[in-house]
Amino acid sequence: MTLPLFFFFVFSAITVASALMVIAARNPVHSVLFLILAFVNAAGLFMLAGAEFLALILIVVYVGAVAVLFLFVTMMLDVDFASLRQGMLQYAPIGVVVGVILLLELLMVAGSFVLAPEVTATAMVPIDPSMSNIKALGELLYTRYIFLFQGAGAVLLVAMIGAIVLTLRHKSGVKRQDVFHQTSRTRAEATELVKVKSGEGL
Amino acid sequence: MSSSDVLSFSALAPAYPELLLAGGAVLVLLIALFVKGLGHRAVAALAILLLVGALGVLLLVPADGVLFNGVFVVDAFARFMKVLVLGGAAASLLIALPAAHEHGIDKFEYSVLVLLSTLGMVVMVSANDLMSLYVGLELQSLALYVIAAMKRDDPRATEAGLKYFVLGALSSGMLLYGASLVYGFTGTTQLDQIVKAVVLDTRSIGLVFGMVFLLAGIAFKISAVPFHMWTPDVYEGAPTPVTAFLAAAPKVAAMALMIRVTTVSFGSITRDWQQIIIFLSIASMVLAAFAAIGQQNLKRLLAYSSIGHVGFALVGLSSGTTLGVEGVAIYMAIYVAMTVGIFAAVIGLRTTDGKPVETIDGLSGLGQQRPFTAAIIGVLMFSLIGLPPLAGFFAKWQVFLAAVEQNLFVLAVIGVLASAVSAFYYLRIIKVMYFDEPVAEFRAVPGELVAVMGVVGFFVVSYFATLGGPLAAAAKTAAESLF
């Protein structure tokens, strides 16, 4: 067994096992943690397949942002998962049908490679082996389609400005803490020395 | 994969106006955010300066060429339309200034969004690819949806923004569906490559389907009947300065897109798109002429008027010739000028208790109290009808000439009849202004608006003697660069 094959089995076994645990775990927080484990192992599989950019993006975007968002949502929403699971058996037949269709489709995709191995050679956009993923993507995004990329950036800027303009309201009369202002007060402006006459008070 | 054009700054010369606008819009946004105490007027002045600067770059250092691996093209046609777009945008920012507060657009974001929307429009005008066409269109529309709803405490403005957004999203969907079909049946997204694929192959039914959806999506943006439903509601609901912006520059950009897609990409199947354009044109002219008769609201009336004028402009395009495109170019130039002028007058109309005048009956007595404003509105109404020797006549003359030359007599006759019917509601405004008893006192019109009205009035009246010749020559060069 070669080393890449060994790692392939390790990553894929952990991916499948943790994917199973995502739907089997009783605690939803554990589910999300298993989901993160599945993501990390899938990233390992991508790395083995030579898609290093996709692997890193999977970790940065899915593990770093999406999964953490899931974690927040499950912790904050307090969904009663036990009651959600009540009608499981009722929906099981539909789930099985969907699963079988999905399995058949996967077999058809994999089968086409077995039946007609020459199909990979006639790809519309063949992969250039002399170029790394990141370089190829950069060539497309920042050179070939730089104009469209920047245009899409401007669209996002408009969306951001629009969301702020249409929703932000400046409330007047709200007291906010200004730490700089607080710490830069001197003793002279904060305290006052008053002469108190004995027996009279202020 | 050539990368030479993004490596040197001088190779980007054709895109200088776009680069200036994009960089400038971000800079204006940052200045407005970080300089404390800078009012919305100062930001608007900066934005106008930027638009005029881009206009100057466009006129003084003209450069043609295809850039960014073929997605962006600058030719005489693109430059002509960009001048109209930039001029229209700058003028509508200027006439928004005096009434910004009462219309709820006294925020610096307004100017920034207008700049970004204008950037989208110039990208549309220069689009040489279905992808850049879509990016430009979305940039333009998204900013417009926001500024239409900017007066967010006013239910009418919010409704206008939402309606515009939903129908705009629908039209984008149709456009994208058409674009995907065209790409699927020709194998390219580049507009000047599509025409080659169409020539090589006998046209397939899928390609015609894609073209129809593409044209329908653009027809939404120029509000040609039957895709006009949003126009009266949005024009009426949006704050008047926003309506002025909506009516002027975006129409030019979308019309330029329509012309480029039909003549460049589908030039070899002119017969197929000609019938679509003829239908859009007749439907727009006739519906606008009759639907505007019953309107009481001035902005709704102007909405129908703009639908009608798009119909007249399409008469020129439906001929499918250089003369026709030249006519549309002249028509759009005169249309922008008249729209800016009429909206300057509408923004300036206020009674002494500060209420804006938005109904036609509210105009009564204007002739005696504000003779200058009334005279400008009167001249513009005559020009909108198309009476000689005003500018509007020459606009219509050119497009009808192109139609007659191609033996489209029915189209030309219907156009002239629709023009005669539309004279009724334009003349009614003049009658109300001069011959009806006054109901309210009118406030003096702010100086900026008087200046804009004066310039437009001069342009419209003296068109045949002053600007007419150079404009027609520029339009001729522009149209020839497409064929």
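How many salt bridges are counted between chain A and chain B? In this predicted model, the count between the two chains is 1 salt bridge, formed by Arg169(A) and Asp153(B), whose closest N and O atoms are 3.3 Å apart. The contact in which the two chains meet draws on 21 residues from chain A and 27 residues from chain B. The size of an interface is often given as the accessible area lost when the parts come together. By that description, chain A and chain B bury about 2200 Å² between them, and 82% of this area falls on carbon and sulfur atoms. On the side of chain A, Phe147(A), Val158(A) and Val165(A) account for 29% of the area buried against chain B, which is more than any other three residues supply.

Over all chains, the structure holds 17 salt bridges. One of them pairs Glu18(B) with Lys82(B), the closest N and O atoms being 2.5 Å apart, and this pair links distant parts of the chain, since Glu18(B) belongs to helix α1 (residues 16–34) and Lys82(B) to helix α3 of chain B, 64 residues apart. Glu18(B) has a relative accessible area of 5% and is therefore buried, and Lys82(B), with a relative accessible area of 1%, is likewise classed as buried. Both residues of this pair are also touched by Ser126(B), whose contacts, not counting residues up to four places away in sequence, are Glu18(B), Val71(B), Phe72(B), Val73(B), Val74(B), Ala78(B) and Lys82(B). Ser126(B) is placed in the loop between α4 (108–125) and α5 (130–148) of chain B, and it counts as buried because its relative accessibility is 0%.

A further salt bridge joins Lys299(B) to Glu358(B), with the closest N and O atoms 3.4 Å apart. Here too the pair links distant parts of the chain, Lys299(B) lying in helix α12 and Glu358(B) in the loop between α13 and α14 (366–369) of chain B, 59 residues apart. Lys299(B) counts as buried at 2% relative accessibility, and Glu358(B), at a relative accessible area of 17%, is buried because buried means under 20%. Lys299(B) and Glu358(B) are members of a network of salt bridges that also includes Arg156(B), Glu159(B), Lys163(B), Asp233(B), Glu236(B) and Arg300(B). The salt bridge between Lys355(B) and Asp353(B) has its closest N and O atoms 3.9 Å apart, and in this case both residues are exposed.

The largest cavity holds about 90 Å³ of space, and its lining consists of Tyr235(B), Ala247(B), Leu302(B), Ser305(B), Ser306(B), His309(B), Tyr335(B), Met338(B), Thr339(B), Ile342(B), Phe343(B) and Leu384(B). The elements that give two or more residues to this lining are α12 (298–318) and α13 (322–348) of chain B, with α13(B) giving the most, at 5 residues. By residue type, the lining of the largest cavity divides into 8 nonpolar and 4 polar residues, with no charged residue.

The second largest cavity has a volume of about 70 Å³, and the residues lining it are His40(B), Ala44(B), Leu93(B), Ala96(B), Leu97(B), Ala100(B), Ile105(B), Lys107(B), Tyr110(B) and Ser111(B). At least two residues of this lining come from each of α2 (40–60), α3 (76–96) and α4 of chain B. The lining of the second largest cavity comprises 7 nonpolar residues, 2 polar residues and 1 charged residue.

Several features of the backbone remain to be described. Most residues other than glycine have a negative phi, and most peptide bonds are trans. Phe68(B), although not a glycine, has a positive phi of about 55°; Phe68(B) is found in the loop between β1 (65–67) and β2 (72–74) of chain B and is buried, with a relative accessible area of 6%. Asn407(B), which is not a glycine either, has a positive phi of about 60°; Asn407(B) occupies the loop between α16 and α17 (409–435) of chain B, and at 56% relative accessibility Asn407(B) counts as exposed.

Key. Residues are numbered from 1 along each chain as its sequence is written. Chains are lettered from A and ligands numbered from 1 in the order in which they are written. This is a predicted model: local features need pLDDT of at least 70, side-chain atom pairs count only at pLDDT 80 or more; totals for chains, interfaces and linings use all residues. Side-chain values use heavy atoms; hydrogens and water are left out. Helices (H or I, at least four residues) and strands (E, at least two) are DSSP runs, numbered from the N terminus. Buried means under 20% relative accessible area, exposed over 50%, partly exposed in between (1.4 Å probe, protein chains only). Contact means heavy atoms within 4.5 Å. On a 1 Å grid over the protein atoms alone, a cavity is a set of points where a 1.4 Å probe fits but cannot get out, and a pocket is an open set with protein on both sides within 12 Å along at least five of seven lines; lining residues have an atom within 4 Å of a point. Grid points are joined across faces, edges and corners, and a volume is the space filled by probe spheres set on the points. Ala, Val, Leu, Ile, Met, Phe, Trp, Tyr, Cys and Pro count as nonpolar, Asp, Glu, Lys and Arg as charged, and the others, Gly among them, as polar. Buried area is the accessible area (1.4 Å probe) that two parts lose on being put together, summed over both. A salt bridge is a side-chain nitrogen of Lys or Arg within 4 Å of a carboxyl oxygen of Asp or Glu.
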